[in-house]
Amino acid sequence: MRGFFARANAALGRWMYGRYGADELSKFLTWTSMALLLLSCVRVLWWMYFLALALIIWSTVRTFSRNIPRRQRERAAYLRMTAKPRAAWALQRNKHRDRRTHCYFKCKQCRAVLRVPKHKGTIDVTCPRCHCVTVKKT
Ligand SMILES: [Zn+2]
């Protein structure tokens with residue numbers, strides 16, 4: 001049985017050679033199509049089934065495509081378009097992760113997000129971007 005899985009894995013590796021594979025955009029398309037499939041269970045939203053089908057086909061075509069430069073351009077455009085929401089999500093995730101040890105606040109001059117350790121009393125915080133000094137109670 002172990003030999004079977006090793007051979008199947010090697011065969012899949014040979015078949016995927018020269019193909020693009022999965023990236024952030026194809027993962028997004030797949031998850032969106034799953035959400036649309038769930039929504040299509042609602043009677044008035046039946047038509048979302050076809051949208052989900054189109055997205056899953058698009059994702060599959062991208063994954064097995066051999067036109068790698070075009071897929072890379074699509075990925076770059078997707079990453080450019082989603083840069084702000086992804087950064088906002090990462091900030092929220094980091095704030096939650098550091099909620100016991102660090103404070104987050106925005107610089108009054110340049111609006112950069114600054115992170116300082118908690119329980120250090122009143123400290124002077126120098127913004128690394130604009131070098132503005134702020135007094136902060138942590
Ligand atoms: Zn600043």
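Predicted model: local features only at pLDDT ≥ 70, side-chain atom pairs only at ≥ 80, totals over all residues.

**Helix H4 against helix H5.** For H4 and H5 (residues 83-97) I noted axes that come within 4 Å and a crossing angle of roughly 55 degrees, and the two helices are therefore oblique to each other. The contact involves Leu79, Arg80 and Met81 from H4, together with Ala83, Pro85 and Arg86 from H5.

**Domains.** I next looked up how the protein is divided, and wrote down domain 1 as 2-81 and domain 2 as 86-137. The centres of domain 1 and domain 2, taken over C-alpha atoms, are separated by 38 Å.

**Zinc site.** Which residues coordinate the zinc ion? I found that the SG atoms of Cys107, Cys110, Cys127 and Cys130 do so, at 2.2 to 2.3 Å, and that along the chain these donors follow the spacing C-x2-C-x16-C-x2-C. Cysteine 107 lies in the loop between strand E1 (102-106) and strand E2 (113-117), while cysteine 127 lies in the loop between strand E3 (122-126) and strand E4 (133-137), so the pair ties together parts that are 20 residues apart in sequence. I also checked the accessibility of this pair, and both cysteine 107 and cysteine 127 are buried. As for the geometry, the four donor atoms subtend angles of 102 to 116 degrees around the zinc ion, and the arrangement is therefore tetrahedral. I set beside this the ideal angle of 109.5 degrees for four tetrahedral donors.

**Positive phi values.** I searched the backbone next, bearing in mind that most residues other than glycine have a negative phi. Arginine 111, although not a glycine, has a positive phi of about 65 degrees; arginine 111 is in the loop between E1 and E2, and with a relative accessible area of 53% it is exposed. Histidine 119, also not a glycine, has a positive phi of about 60 degrees; I located histidine 119 in the loop between E2 and E3, and noted it as exposed at a relative accessible area of 68%.

**Two further residues.** Is cysteine 41 buried or exposed? Cysteine 41 sits in the loop between H2 and helix H3 (48-63), and it counts as exposed because its relative accessibility is 64%, where the cut-off is over 50%. From cysteine 41 to alanine 52, eleven residues apart along the chain, I noted a C-alpha separation of 12 Å. Arginine 14 has its place in helix H1 (residues 2-16) and, at 60% relative accessibility, counts as exposed. Arginine 14 and serine 26 are twelve residues apart in sequence, and their C-alpha atoms are 21 Å apart in space.

Methods: Residues numbered from 1 in each chain as written. Heavy atoms only, no water. Domains from an automatic or database assignment. Donors = N, O, S within 2.8 Å, 3.2 Å for Na, K, Ca; no water. Tetrahedral: all angles 85-135°; square planar, octahedral: opposite > 155°, others 65-115°. Buried < 20%, exposed > 50% of the residue type's maximum accessible area, 1.4 Å probe, protein only. Axes fitted to C-alpha atoms, helices over the stretch in contact; angles between N-to-C directions. Parallel < 35°, antiparallel > 145°, perpendicular 65-115°, else oblique. Contact = heavy atoms within 4.5 Å.
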